[in-house]
Structure formats: C-alpha cells, structure tokens
Amino acid sequence: MNALSLTPAERQQIDQGAWFSKLSEPLRNDILQRAFVRRLADETMLSHRGEPAEEWCGVAKGAVRVSSVSLAGKQISLTYVEPGTWFGDIALFDGLPRTHDAYAHGDTTLLCVRKSDFRALLQAHSELYDALLRLNCRRLRLMFDMIEDLNTRPLAARLAKQVLLLARSYGVLEGDEIRIGLQLAQEDLAQLLGASRQRVNQELKAFEREGAVRVEPTRLVVLSRDKLLAAAAR
C-alpha cells in the first residue's frame with residue numbers, strides 16, 4: 001500500500017484501532033502492504049445482501065451503515081461500523097454470501113484487502129486466525145448483550161447506553177461538552193434501538209430536561225456523562 005494513500009488522521013485511526021493495534025508488527029505491516037484504499041461518498045453502497053464476499057475492510061474515516069430490508073420493503077439500520085474497526089471476514093471464512101447491505105455513512109475511507117490476499121495472510125500468519133477468533137467472540141458477546149438489553153431494559157436505559165457508545169466512538173470534546181460527530185437522525189437511533197421515532201424523541205426530550213444532552217438537527221451533544229450513566233443503570 002502506498003503510505004500516502006491514507007491521510008495521517010486516517011492512518012492513525014487504523015493504527016490505533018483496538019483490534020489492529022494488538023497484532024504483531026509483522027502482521028500489521030503485511031496487512032498494510034496488501035491493502036488498498038477506497039474512498040466512498042455518503043450513501044454509496046459497498047455491498048449487497050446475497051452477493052459473494054470479495055473484500056475484508058477496515059474503516060479509516062466515516063462509518064459503514066449495515067442494514068436490512070423489512071417485510072414492508074423499508075431499509076432498517078442495524079449497526080454502524082466505526083473508524084478503526086475491521087469487518088467482512090465472516091463471509092470470507094465460510095464462503096457464504098453477504099447477509100446484509102452495507103452503505104457509506106458520510107464521506108468514508110476504507111482500507112480493503114482482496115479475498116485472495118486475505119487467504120494469503122491467513123496462510124502466512126497463524127496469529128491472524130487467533131486474532132479473528134477473538135474478534136468474533138467479542139462480536140458475539142456484544143450481540144448477546146444487545147439482545148439482553150432489548151428484552152430486559154427500558155428504552156431510556158438503552159438510549160442512554162447507545163448515546164454513551166456513540167460519544168466514545170465519535171465524540172469531539174468541546175470544553176465540557178462532547179459533540180457526537182456521527183450524523184444520525186432520530187429515526188436512525190430508533191432503528192438501532194428497536195423502537196419508534198416518537199418514543200426515542202420523548203426520551204431525548206427527557207434527557208434534555210435533565211441536562212444530560214442537547215439535541216441539535218442530526219446531532220447530539222452530551223452535556224453530562226454522569227447523568228447518562230445514571231440513566232443507563234436504571
């Protein structure tokens with residue numbers, strides 16, 4: 001990979017990713033040597049449900065929205081893949097088609113590894129098998145946590161937890177406030193939480209009255225992490 005293909009900020013997101021940063025230096029270097037850069041405009045489709053998997057990707061800038069289609073034909077957002085996170089390896093392992101649609105959310109930069117190079121990396125670095133196994137174990141734990149929250153916790157607690165996660169991944173510190181850089185409409189938040197937009201709006205207004213957040217058009221600003229933590233623990 002041409003090191004100039006990524007901006008310094010994008011390269012930092014890759015290098016400091018929680019998973020990638022724990023790999024050995026030889027493996028990190030080999031991944032970077034085999035990778036190429038893709039720059040996508042907002043709403044560009046990256047992959048379709050049902051198509052064969054051809055790439056393994058890491059997000060260097062922006063986000064990737066993973067979505068599905070409801071029985072009524074409506075696009076439903078399931079998750080957002082944040083900078084520093086790698087995805088797409090499961091379908092390369094089992095050889096089955098992609099299970100969901102994936103779109104760029106905002107201007108997005110990806111570091112991509114072709115299927116043939118992914119397999120070559122696995123052959124050259126047995127460490128990668130263990131690292132991907134740990135990564136997928138973490139994904140499975142997060143999925144079970146999400147299912148448990150959906151079935152056992154009130155919407156206010158789930159929303160507070162989601163806002164805190166967004167602040168951790170996309171937050172920009174501005175004095176005592178944390179502005180969430182990821183642009184999300186209330187409908188997007190509602191889809192992530194399995195709730196209606198109206199109910200999410202009600203809970204956000206309650207958070208505003210408590211001084212926990214400020215709601216701006218397509219943006220959230222965290223005013224008090226402590227108040228959100230208290231709401232998440234209810």
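How many aromatic pairs does the ring-pairing rule give in this structure? The count for this predicted model comes to six aromatic pairs.

**Close-up 1. The stacked pair F20 and W86.** The ring centres of F20 and W86 lie 5.7 Å apart, and their planes meet at 15 degrees; the pair is therefore stacked, as the angle falls under 30 degrees. F20 belongs to the loop between α1 (8–15) and α2 (25–34), whereas W86 belongs to strand β5 (residues 86–87), so the contact ties together parts that are 66 residues apart in sequence. Both partners are buried: F20 has a relative accessibility of 0%, and W86 has a relative accessible area of 2%.

**Close-up 2. The edge-to-face pair F93 and F118.** A distance of 5.7 Å separates the ring centres of F93 and F118, and their planes stand at 80 degrees, so this pair is edge-to-face, the angle being over 60 degrees. F93 is located in helix α3 (residues 89–94) and F118 in helix α4 (residues 115–124); the pair thus links distant parts of the chain, 25 residues apart. F93 is partly exposed, at 37% relative accessibility, whereas F118 is buried, with a relative accessible area of 1%.

**Close-up 3. The aromatic cluster.** One cluster is formed by W19, F20, W56, W86, F93, F118 and Y129. Its members include F20 and W86 of the stacked pair, as well as F93 and F118 of the edge-to-face pair.

**Close-up 4. The charge of R114 over the ring of F36.** The charged end of R114 is positioned over the aromatic ring of F36, at 4.2 Å from the ring centre.

How values were computed: Residues numbered from 1 in each chain as written. Predicted model: local features only at pLDDT ≥ 70, side-chain atom pairs only at ≥ 80, totals over all residues. Heavy atoms only, no water. Phe/Tyr/Trp six-rings, centres within 6.5 Å; stacked < 30°, edge-to-face > 60°. Helix = DSSP H or I, 4+ residues; strand = E, 2+ residues; numbered from the N terminus. Buried < 20%, exposed > 50% of the residue type's maximum accessible area, 1.4 Å probe, protein only. Lys NZ or Arg CZ within 6 Å of the ring centre and 35° of its normal.
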